[in-house]
Amino acid sequence: MLPVMSKNSWFPTVFDDFLNTDFLPRANSTAPAVNVKESENDYTMELAAPGIKKEYCRVAINDEGNLTVAIENKAEHKHEDKHHHYLRREFSYSNYEQSYTLPDDVVRDKITAKVEDGILTITMPKHEPKEKVSKAIEVS
(Lines give C-alpha, C1' and ligand atoms only; values in the text may rest on other atoms or scores of the structure.)
Protein backbone atom coordinates (compact mmCIF):
# COMPACT_ATOMS: atom_id res chain seq x y z
CA MET A 1 0.00 0.00 0.00
CA LEU A 2 1.27 3.49 -0.90
CA PRO A 3 1.36 6.27 1.65
CA VAL A 4 -1.28 8.94 1.15
CA MET A 5 -0.31 12.56 1.33
CA SER A 6 -2.92 14.75 2.91
CA LYS A 7 -1.11 17.86 1.79
CA ASN A 8 0.63 18.52 -1.50
CA SER A 9 3.78 20.06 -0.02
CA TRP A 10 6.31 18.66 -2.48
CA PHE A 11 5.27 20.85 -5.39
CA PRO A 12 6.47 24.24 -4.08
CA THR A 13 9.84 22.67 -3.18
CA VAL A 14 10.25 21.13 -6.62
CA PHE A 15 9.09 24.36 -8.22
CA ASP A 16 11.57 26.46 -6.23
CA ASP A 17 14.39 24.00 -6.88
CA PHE A 18 13.71 24.20 -10.61
CA LEU A 19 13.55 28.00 -10.79
CA ASN A 20 16.33 28.87 -8.36
CA THR A 21 19.26 27.44 -10.29
CA ASP A 22 22.23 28.86 -12.14
CA PHE A 23 20.27 28.44 -15.37
CA LEU A 24 17.41 30.62 -14.12
CA PRO A 25 18.97 32.92 -11.51
CA ARG A 26 16.80 35.05 -9.27
CA ALA A 27 16.50 38.67 -10.20
CA ASN A 28 18.86 40.74 -8.13
CA SER A 29 19.87 44.34 -8.19
CA THR A 30 23.26 45.08 -9.62
CA ALA A 31 25.00 48.21 -10.77
CA PRO A 32 24.68 48.96 -14.47
CA ALA A 33 27.66 48.44 -16.72
CA VAL A 34 29.53 51.71 -17.31
CA ASN A 35 31.75 52.71 -20.23
CA VAL A 36 33.85 55.89 -20.12
CA LYS A 37 35.41 57.31 -23.27
CA GLU A 38 37.76 60.26 -23.62
CA SER A 39 38.18 62.37 -26.72
CA GLU A 40 40.10 65.57 -27.30
CA ASN A 41 37.06 67.70 -26.40
CA ASP A 42 35.11 65.70 -23.82
CA TYR A 43 34.52 62.63 -21.68
CA THR A 44 31.50 60.41 -22.40
CA MET A 45 30.00 58.06 -19.84
CA GLU A 46 27.53 55.37 -20.96
CA LEU A 47 25.42 53.46 -18.43
CA ALA A 48 23.51 50.39 -19.61
CA ALA A 49 19.95 50.55 -18.30
CA PRO A 50 17.73 48.47 -20.61
CA GLY A 51 14.13 49.63 -20.72
CA ILE A 52 14.85 52.78 -18.72
CA LYS A 53 12.85 55.94 -19.30
CA LYS A 54 14.32 59.41 -18.94
CA GLU A 55 11.79 60.19 -16.20
CA TYR A 56 13.56 57.64 -13.96
CA CYS A 57 17.06 59.17 -14.38
CA ARG A 58 18.64 61.96 -12.33
CA VAL A 59 22.05 63.39 -13.09
CA ALA A 60 23.43 66.16 -10.88
CA ILE A 61 26.54 67.76 -9.43
CA ASN A 62 26.55 67.41 -5.63
CA ASP A 63 27.93 69.81 -3.01
CA GLU A 64 31.42 68.27 -3.27
CA GLY A 65 31.50 68.84 -7.05
CA ASN A 66 31.06 65.16 -7.90
CA LEU A 67 28.75 63.78 -10.58
CA THR A 68 25.80 61.92 -9.04
CA VAL A 69 23.79 59.47 -11.17
CA ALA A 70 20.54 57.98 -9.85
CA ILE A 71 18.31 55.53 -11.73
CA GLU A 72 15.00 54.19 -10.48
CA ASN A 73 13.80 51.28 -12.58
CA LYS A 74 10.27 49.97 -12.20
CA ALA A 75 9.67 46.88 -14.32
CA GLU A 76 6.66 44.67 -13.90
CA HIS A 77 6.59 41.34 -15.69
CA LYS A 78 2.99 40.27 -15.77
CA HIS A 79 1.43 37.80 -18.17
CA GLU A 80 -2.32 37.50 -18.39
CA ASP A 81 -3.63 34.15 -19.54
CA LYS A 82 -7.06 33.00 -18.47
CA HIS A 83 -6.25 29.36 -19.30
CA HIS A 84 -3.40 29.00 -16.82
CA HIS A 85 -2.90 29.61 -13.13
CA TYR A 86 0.50 31.25 -12.59
CA LEU A 87 2.52 30.15 -9.61
CA ARG A 88 5.11 32.89 -9.88
CA ARG A 89 5.14 36.49 -11.09
CA GLU A 90 8.16 38.74 -11.03
CA PHE A 91 8.18 42.38 -10.05
CA SER A 92 11.43 44.29 -10.14
CA TYR A 93 11.96 47.65 -8.48
CA SER A 94 15.60 48.55 -8.40
CA ASN A 95 17.36 51.76 -7.49
CA TYR A 96 20.89 52.72 -8.36
CA GLU A 97 22.79 55.75 -7.14
CA GLN A 98 26.47 56.43 -7.53
CA SER A 99 28.76 59.44 -7.23
CA TYR A 100 31.73 59.85 -9.53
CA THR A 101 34.74 62.09 -8.96
CA LEU A 102 35.14 64.30 -12.01
CA PRO A 103 38.49 65.21 -13.54
CA ASP A 104 39.60 68.79 -12.96
CA ASP A 105 39.32 69.69 -16.65
CA VAL A 106 35.53 69.10 -16.89
CA VAL A 107 33.30 72.13 -17.45
CA ARG A 108 30.70 71.23 -14.82
CA ASP A 109 27.97 73.65 -15.96
CA LYS A 110 27.95 72.25 -19.52
CA ILE A 111 27.42 68.54 -18.70
CA THR A 112 24.54 67.00 -20.69
CA ALA A 113 22.67 63.70 -20.41
CA LYS A 114 20.27 61.75 -22.61
CA VAL A 115 18.59 58.34 -22.68
CA GLU A 116 18.42 56.44 -25.95
CA ASP A 117 17.99 52.72 -26.68
CA GLY A 118 18.43 51.75 -23.03
CA ILE A 119 21.67 53.68 -22.56
CA LEU A 120 22.09 56.75 -20.39
CA THR A 121 24.80 58.86 -22.05
CA ILE A 122 26.45 61.67 -20.09
CA THR A 123 28.71 64.04 -22.00
CA MET A 124 31.22 66.09 -20.01
CA PRO A 125 33.02 68.78 -22.04
CA LYS A 126 36.61 69.67 -21.21
CA HIS A 127 38.02 73.14 -20.63
CA GLU A 128 39.69 74.67 -23.64
CA PRO A 129 43.39 73.93 -23.39
CA LYS A 130 45.26 76.98 -22.24
CA GLU A 131 48.10 78.20 -24.35
CA LYS A 132 51.48 77.35 -22.96
CA VAL A 133 53.39 80.47 -22.24
CA SER A 134 57.16 80.33 -22.34
CA LYS A 135 59.10 83.39 -21.31
CA ALA A 136 62.05 84.34 -19.27
CA ILE A 137 61.32 86.02 -15.98
CA GLU A 138 63.74 88.63 -14.84
CA VAL A 139 65.00 88.19 -11.33
CA SER A 140 65.45 91.45 -9.45
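Which residues does Leu47 touch, not counting residues up to four places away in sequence? They are Pro32, Ala33, Val34, Val69, Ile71, Tyr96, Tyr100, Gly118, Ile119, Leu120 and Ile122, where contact means heavy atoms within 4.5 Å. This is a predicted model, in which local features need pLDDT of at least 70 and side-chain atom pairs count only at pLDDT 80 or more, while totals for chains, interfaces and linings use all residues. Residues are numbered from 1 along each chain as its sequence is written, and side-chain values use heavy atoms, with hydrogens and water left out.

**Nonpolar core**

- The largest nonpolar core contains 17 residues; such a core is a set of buried Ala, Val, Leu, Ile, Met, Phe, Trp, Tyr and Cys residues joined through side-chain atoms within 4.5 Å.
- Leu47, Leu67, Val69, Ile71, Ile122 and Met124 have the most contacts inside this core.
- Two or more core residues come from each of strand E2 (42-48), strand E4 (67-77), strand E5 (90-100) and strand E7 (119-125); strands are DSSP runs (E, at least two residues), numbered from the N terminus.
- In soluble globular proteins, nonpolar side chains tend to be buried together.

**Thr44**

- Thr44 is placed in strand E2.
- Thr44 is buried, at a relative accessible area of 13%; buried means under 20%, exposed over 50% and partly exposed in between, using a 1.4 Å probe and protein chains only.
- Apart from neighbours within four places in sequence, Thr44 is in contact with Asn35, Val36, Lys37, Thr121, Ile122 and Thr123.

**Salt bridges**

- The whole structure holds 4 salt bridges, each defined as a side-chain nitrogen of Lys or Arg within 4 Å of a carboxyl oxygen of Asp or Glu.
- One of them joins Glu46 to Lys37, with the closest N and O atoms 3.4 Å apart.
- Lys37 is partly exposed, with a relative accessible area of 47%.
- Another links Lys126 and Glu38, whose closest N and O atoms are 2.6 Å apart.
- Because Lys126 lies in the segment after E7 and Glu38 in strand E1 (residues 34-38), this pair ties together parts that are 88 residues apart in sequence.
- Lys126 is buried, with a relative accessible area of 14%, whereas Glu38 counts as exposed at 54% relative accessibility.
- Lys114 and Glu116 also meet through their side chains in a salt bridge, at 3.5 Å from N to O.
- Lys114 is partly exposed at a relative accessible area of 48%, and Glu116 is partly exposed at 46%.

Note on methods
Helices (H or I, at least four residues) and strands (E, at least two) are DSSP runs, numbered from the N terminus.
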